[in-house]
Amino acid sequence: MLPEPTSPPGGTPDIVSISGLAKTYANGFHALKGLDLTIRRGEIFALLGPNGAGKTTLISIVCGLSRPSAGTVLVDGYDIVRDYRAARSRIGLVPQELATDAFETVWATVSFSRGLFGHSPKPAYIESILRDLSLWDKRKAKIMTLSGGMKRRVLIAKALAHEPRILFLDEPTAGVDVELRRDMWKMVRRLRDDGMTIILTTHYIEEAEEMADRIGVINKGELVLVEEKHALMRKLGKKQLTLHLQAPLAVVPPALAHYGLELADGGHTLVYTFDTQGEATGIAPLMRALNEHGIDFKDLNSSESSLEDIFVSLVREQS
């Protein structure tokens, strides 16, 4: 579906390069504070952050909808200010809001988006997009008659109409049911496999955990971290061992205090948190200590912290 990638002016492996990016509004609010970030070609990059963190401001600047107060942004080697047209032509943006011409047909609105970028009509390409997005049967339908999920697919089709190399998805599955959300995940992966670079913001942590190659966490206009997803999970993920006791405990014995054990479920459960990257988990000596103190358990299970746990802890630490 996507064209063959062209060589960028700089020939670098990074398709987006952001340096010292700052945005201060007229009221003095610092939305972005000297942000540095690079996005690699052909990756899915998830940008996470609470409301007001600066996600939308960042996207707006890169996509040319807002001017930065300071810093530079290169898109496929083109400066977004000096080479606006070349930079913008390489970007497809799918906004969070379902705003489109309600009285136009699907075919007309997608074709019009292609024309806005000065491209000649290419019906076969528009057809391929609509078929890939399961919109072909709706091509003659007016936008107003479509469901919310179908309208979101139309926004994606519009963003792809001018054959961009980068696709920005701002909360792509907000308000979308679970089945359609998973369909969209499959579509995004397919686009990435075809060479597209995907940058998404999301409130669904599971979405980033499921799809992203790398994850950036932004808070209060600053990047808290940028990390490979699997490395992030290994580095910051914790494991918990939960022991369901034969008899409840009122308190953890003082001799076991250094294990950092927590009582839960009215004293019926003992929770031990350990670092998977440590030289030793401490589980074996803990088991011996429990036995020495006559603490028996009837069952145990382990669990690993999710990306959501990591995200919440990171934002809490910075607040």
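Predicted model: local features only at pLDDT ≥ 70, side-chain atom pairs only at ≥ 80, totals over all residues.
How many of the eight residues of helix 1 (residues 55-62) are buried? Seven are, so helix 1 is largely enclosed by the rest of the structure.

Residues are numbered from 1 along each chain as its sequence is written, and side-chain values use heavy atoms, with hydrogens and water left out.

**View 1. The whole protein chain.** The protein chain has ten helices and 14 strands. Both are DSSP runs numbered from the N terminus: helices are H or I with at least four residues, strands E with at least two. Of its 319 residues, 44% count as buried (under 20% relative accessible area, 1.4 Å probe, protein chains only). The accessible surface comes to about 15,800 Å² (Shrake-Rupley method, 1.4 Å probe). Carbon and sulfur atoms hold 51% of that surface. Take contacts between residues at least 6 apart in sequence: 71% join residues at least 24 apart. Contact means heavy atoms within 4.5 Å.

**View 2. Helix 1 and the residue after it.** The buried residues of helix 1 are Lys-55, Thr-57, Leu-58, Ile-59, Ser-60, Ile-61 and Val-62. Gly-64 follows helix 1, and its phi is positive, near 80°.

**View 3. Helix 3 against helix 5.** Helix 3 (residues 106-116) and helix 5 pack at an angle of about 30°, their axes 7 Å apart. Axes are lines fitted to C-alpha atoms, for helices over the stretch in contact; angles run from 0 to 180 degrees between N-to-C directions. The two helices are therefore roughly parallel (under 35 degrees). The crossing is right-handed, meaning that the near helix is turned clockwise from the far one by less than a right angle. Val-106, Thr-109, Val-110 and Ser-113 of helix 3 meet Val-154, Ala-157 and Lys-158 of helix 5. By class, these are four nonpolar, two polar and one charged. Ala, Val, Leu, Ile, Met, Phe, Trp, Tyr, Cys and Pro count as nonpolar; Asp, Glu, Lys and Arg as charged; the others, Gly among them, as polar.

**View 4. Helix 5 against helix 6.** The axes of helix 5 (residues 148-160) and helix 6 (residues 178-193) come within 11 Å and cross at roughly 15°. Helix 5 and helix 6 are therefore roughly parallel. Their crossing is right-handed. Helix 5 contributes Gly-149, Arg-152, Arg-153, Ile-156 and Leu-160 to the contact. Helix 6 contributes Leu-180, Asp-183, Met-184, Met-187 and Leu-191. The contact has six nonpolar, one polar and three charged residues.

Note on methods. Parallel < 35°, antiparallel > 145°, perpendicular 65-115°, else oblique. Buried < 20%, exposed > 50% of the residue type's maximum accessible area, 1.4 Å probe, protein only.
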